[in-house]
Structures are given as structure tokens and as C-alpha cells.
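Have the structure open as you read.

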Amino acid sequence: MLSLDAIREQFPALTQKVYGKPLIYLDNAATTQTPIDVLVACREYKERFNANPHRGAHYLGVQATTLYENARDKVAKFINAASGQEVIFTKNATEALNLVAYSYGMSKISQDEEIVLCISEHHSNLVPWQMVAKAKGAKLRYLYLADDYTLSWSEVEKVITEKTALVAIAQMSNVLGTVYPLKDVIAYGHEKGAVVVVDGAQSVPHLQTDVQALDADFFAFSGHKMYGPMGIGVLYGKREHLEAMSPFLRGGEMVEYVEEQVTTFNELPYKFEAGTPNVEGAVGLAAAIDFLEKISLEDVKAYEDGLTSYALGKLQEVPYLKIYGALDAKGRGPVISFSLEGCHPHDVATIVDSDGIALRAGHHCAQPLMRYLGAPATSRISFALYNTKDEIDACVASLKGVRRWLGHGS
Amino acid sequence: MDLSALYTELILEHSQKSEHKRQLKTSTCSERGHNPSCGDDITIELLVEDGKIVDAAFTGSGCAISQASTSMMIDLIKGRSAEEAQTLANIFLGMIKREISSEAELELLEEAIAFQNVSNMPARVKCAVLAWHTLTEAMKEL
């Protein structure tokens, strides 16, 4: 692995000061900072290769098309898809999941069938399924968590049944950090005849992704949570599903022949990419993949596990602090939610912000989970490969002062 | 950023033990206000007789800023007419949006002028204004 200093040097955003203090960025589950390689790739595309891909037989048009399709192939290899035709570029994981809900859910799910979600789903993998359930007369069922914030096998067997048409679940919770045993859940779902949709937005930057080993039917993620640009995301889908589905958005690019009354659609993956795509974003995402692979996801995971384990230990030393999530770094990702007794998370965020520390406060787009946990909101710190133990120490020291600011003795 | 200008003793006092945090036995109107992004969730109840707010209270949960702002607002509007309360809400919202800066007008807000600093903190503006928007909505029922 590269040295930590060498890695941090590649992130210009990390060198700045806020309120005169060095920025300590611990909101990586929301979005990661961007390395120079990605910034350069995006800029170079705009400076030298910008053209509308797949149209026009001129030099730049060919260059833009090549860059865009190379990016697709790189993504396919990165997640081990069988082919680039199974990789659809979207604007983010949310759009990818909506694509599945509209194009698959709205036509394949019927009345009285069941859609199974995990209670920890992000709204992006929950609200679209509520729409499908309501429109089709299907029933939403939830997988609830055990006391240690894990998913028990008995819960899986209880909730996923022959009635289940579709299971939608994140590989890693953006609130609890729990990494779910998806390979087993997917195999069990398939045994019951269900299709399984995976939200990989949180897991992709931290774990090696292999959609074929997982046997996921659909897998969605965002570029900006894995050091790439905002506005680019990916939907992987098994070819058999994608071919049987209708387009999501309609317009240019996604067509074959357009008559006055009817249209035939382009082949995969273009059928699902209406309009001029975000080539700059795709190029940036490809550069982010190169960046991650240069370091190796195995090393990233080992390093981040170390940070998580260290932070879990240090946070438990903070008086009045309660962690929502497993206390052992094993089986979880680098996302830690907590509450400080007597302090609203928004006040916590403001107070540590004054020390230059960026953390997230709120419901983290997971309101049903918050209600289930009995917490209207939590504070959350989340790590990336550039964070350090010193930053964790600074955060813990700042957290120890929060209660005093809010008028509690200690 | 100066935290002591935000978490003043006055604001902390109101956020921690407000005498107005209770339920009214009878109310003329009530309204729930919610900041979905941070989880502030309050319900304001008013008892209005002959156009006068004779009693007011709130329930719910939220950050120190939203709780204190609600409490100080109730302090201010109790005993006033609905019209006066609306005028004060408009002044408060104008203060936070930096549209009102006349000392004479701002002084009408009494203790609630303590939130003037929030206008420099975009991330906390929604917390400070929640109660006042909720009050405006509640009084539409009158």
C-alpha cells in the first residue's frame, strides 16, 4: 500500500483549513473527496476530447465514444460483470434503483406478491419499492435486525418466502455499518424464486465487489462515494433481466428505428441510457477505479478496518456516548453512528464543526431505521482510505467537550 | 466560528427547561412542524379567545436551537393578539433572512433577538425558524 502521506497528498481538499483549523473530513459515507487523478481526467476530457458520444463520425466524437465505452468496460471488470452490456450508466445509485423499480418492478410484480426490504435501507432503496407495492397491490415486508444490529438467519427464513417476488437490500448499512451476508441471502432468495436487488453505494468503496460471485440480479452504486465525480452512477443487471425489461427513460440514443407511431429500441446497454450521457463523469469514475486498484481494495479494507476498530474503542471512552451498531470491527464497515446523551445530533455537528471536523447529523435518509432504533436522529462519522488515527483522536477530544457547550456539567 | 455566540446561557436555559413544554388541556389550533433533514419535530398549540392568545405551549423534540427558539417565541406571543404574533413572526423571520436590521423593530423580539447570530450560520437557520413558520401555519386555522 502507498504511504498514508502519499495518499493524502493526492487529495487537494484535505489540505485546506476551515475556521483556521485543519479540515478533518469524517463524512465519507455521504461523499468522498476527489483525488488529483480524477480531477485531471475530467478536466482533460473537457479540454481535449469533449464531443457527443455515439453520434457524428468526426475525430472528437470517436474519442469521446471510446473513452465512454472504455469506462464502461473498466466498471464491468471492477465489479466482475460478465459483460459491459450489463453495465448501465446512471446519475447515481438512486437513479439506478429507480430504474429497476420502474422498469422491472412495475411490470413484473403482481398483486399479493411480496417485496422484502431490510429495515436499515436508505430511502433510495425503500421509497421506490413503496411506490411499486402501492401501484401493484403488492405487500412490503421488512427484515428486522437482532440486538447486535446483525441480520439473523432465522429472520431471513421467516420473512423471505415463496410469496417473495423481490428482495431489495443494501450490502452495507449507511447508518449502522453492518455488512449483511448477501451471498447467502441472495442464494436463499433465489431458492424461493425471488429476484434480488443490491444497493452497493456504501460497500463498493470498501469491499471487493464481485456481482457474479454474489449472484446479484441487480447491483447499484454511485461514483461520488468511491472517489469519483458526482452525477455518475452504475446499475449492473443480469442480461436476462435487462433484455426482458422496458426502457426507463425515452428519447435520443436509446432508440433503433423511430417511426411516427412506433419505435424500436437500441440494444443493451443503450436501451437504458436515453439522452446525452455524462461522459465526463464516466471518465472520472474510470480514473477513480484506477486509483482504487492502484492501492488495492484489499489493502484499503485492512487499513479502514484498523481505523474502525480504533475509533470504536476510543468512542466507548467518551462519557454519555452510545454507539448504534456492532462494537466489533469484524462484519461491519467504516461507518459509526452514535448519540450523546442530552445533546441533539445537530448541535453535536455544529460544535465539532467549529473544530474543523465534518460529521453527519440527522436521520441519514433512513427514517424507518431511526424509528426502529428509537432515535429521531444520530451523529455519524465515516472513514475513507485517507483518514488517520490522529483525526479520530481529534474528533474524540472534540466530542468530549460537546456536553459542556450545551450546558451539561461534563 | 464563535460557539459562545450561539450557545448562550439564555438559549441553553430555554432549550433545557422550558415552562412552555407541555400540553394544553384545550386548544383552538395546533400545528406540527418538522425539519426532515435533522429530525426537529415540534407541535405548537394555541388557545385563542377573542383574537387573543391566552395560552400557548409546545411538545416534541429537537436541537437546542429549535427548542429554545420555540420556547422564547411562546414567551413573546402569550397574551398578544394573533395579529401582533404574526407581526413578530415576520420580524423574526426577517431578522434571520437579514432583511430586517432596524434596532427598533428587532427590539420588539425581546429575548428572541439572541438568535440574530444564526443568520450567519446557514446550517442552523432552519432550526431557528421552525417554530415561527409553524406558528404562522397554526394561525391560518383561526
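In chain B, strand β2 (residues 40–49) pairs with β3(B) in the antiparallel sense over nine bridges. Helices (H or I, at least four residues) and strands (E, at least two) here are DSSP runs, numbered from the N terminus, and two strands pair if DSSP finds at least two bridges between them. Before going on, note that this is a predicted model: local features need pLDDT of at least 70, side-chain atom pairs count only at pLDDT 80 or more, and totals for chains, interfaces and linings use all residues. Residues are numbered from 1 along each chain as its sequence is written, with chains lettered from A and ligands numbered from 1 in the order in which they are written.

Across that pairing, B:Ile42 sits opposite B:Gly60 of β3(B). The whole thing is an open sheet of three strands, ordered β1-β2-β3 (chain B), with antiparallel pairing. β1 (29–35) and β3 (52–61) of chain B are at the edges with a single partner strand each, so one side of each has no neighbour in the sheet.

Now over to chain A, where A:Gln111 is in the loop between α4 (93–108) and β5 (114–118). A:Gln111 counts as exposed because it has 8 C-beta neighbours inside 10 Å (the cut-offs are 12 or fewer for exposed, 20 or more for buried and partly exposed in between, with C-beta atoms placed from the backbone).

Finally, where the chains meet, the contact (C-beta atoms, placed from the backbone, within 7 Å) takes 15 residues from chain A and 16 residues from chain B. On the chain A side, the largest share, four residues, comes from α12(A).

Methods. Contact = placed C-beta atoms within 7 Å.
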